[in-house]
Amino acid sequence: MNDCIIQRWNPAAASVDADLDGLGGLLHACVHEGGSVSFVLPFSREAAKAFWRHDVLPGVDAGTRCVLLARSNGEIVGTVQLDMATPPNQPHRAEVRKLLVHPEVRRRGIACALMRALEDHARAAGRTLLTLDTVTGGNAEPLYLSMGYVAVGSLPGYALNFDSSKLEATTIMYKQLSSKAS
Ligand SMILES: CC(C)(COP(=O)(O)OP(=O)(O)OC[C@H]1O[C@@H](n2cnc3c(N)ncnc32)[C@H](O)[C@@H]1OP(=O)(O)O)[C@@H](O)C(=O)NCCC(=O)NCCS
């Protein structure tokens, strides 16, 4: 984690196209490594880049989505999103989406650092209830539990795994944020 910086994605910056390339490459690598993050093989780099451009960027531009980037030597090696596009009766809630760390730099604390920074952004935005779902038995489950997320339960057969060879369960989790970082 030493050489990594965490920053909020600013798509207005001149580097937006390079960022879309970097984010696409990161998502592509995670899916091909076996990550269960909405997509199945075959999954091209173009499709990965299109996800960021068409499904994520509009929310960032609208101010309802905060995307954090972890950079190492200028390269995007990790990311996570806070989706604040909640209904009018849930102004205090936000959804955590797409926590991704490149397979080559895992187990160095990058995901934890991204999540801590995301929680700071949530607090600053008045979002005190964070919700998420993650594949049951996946790498992220122990990470979220160690950060104080509570598992509500598991939905069996929720989604196909990365190569469509089986259905996997998903665990629903939440965390109530206190006013101070924990
Ligand atoms: C899950 C993921 C984001 C973790 O990223 P990471 O940077 O390696 O995580 P960290 O180094 O911050 O790990 C923090 C803790 O999480 C847990 N953890 C992370 N990876 C783990 C693994 N492969 N097996 C078991 N526990 C793991 C550990 O408790 C770890 O602490 P430790 O290293 O001191 O034991 C990464 O594996 C990834 O991108 N996976 C594919 C995409 C995905 O599934 N994202 C989750 C979507 S909900």
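A residue counts as near a molecule or strand if its C-beta atom, placed from the backbone, lies within 6 Å of it. This is a predicted model, in which local features need pLDDT of at least 70, side-chain atom pairs count only at pLDDT 80 or more, and totals for chains, interfaces and linings use all residues. Residues are numbered from 1 along each chain as its sequence is written.

1. The ligand has 21 residues around it, and Gly35, Arg106, Ala111, Ala140 and Leu143 come nearest. By class, 11 are nonpolar, seven polar and three charged (nonpolar: Ala, Val, Leu, Ile, Met, Phe, Trp, Tyr, Cys and Pro; charged: Asp, Glu, Lys and Arg; polar: the others, Gly among them).

2. Helices (H or I, at least four residues) and strands (E, at least two) are DSSP runs, numbered from the N terminus. β4 (93–101), α3 (110–124) and α4 (140–146) each supply at least two residues of the ligand shell, and α4 gives the most, with four.

3. Within α3, Ile110, Ala111, Leu114, Met115, Ala117, Leu118, Glu119 and Ala122 are buried (20 or more other C-beta atoms within 10 Å of the residue's own, with C-beta atoms placed from the backbone). Just after α3, Gly126 takes a positive phi of about 75 degrees.

4. Leu68 is found in strand β2. Why is Leu68 buried? Because 21 other C-beta atoms lie within 10 Å. Beyond its neighbours within four places in sequence, Leu68 is in contact (C-beta atoms, placed from the backbone, within 7 Å) with Ile6, Arg8, Trp9, Thr79, Val80, Leu114, Ala117 and Leu118.

Definitions and conventions: A residue is buried if 20 or more other C-beta atoms lie within 10 Å of its own, exposed if 12 or fewer, and partly exposed in between; C-beta atoms are placed from the backbone. Two residues are in contact if their C-beta atoms, placed from the backbone, lie within 7 Å.
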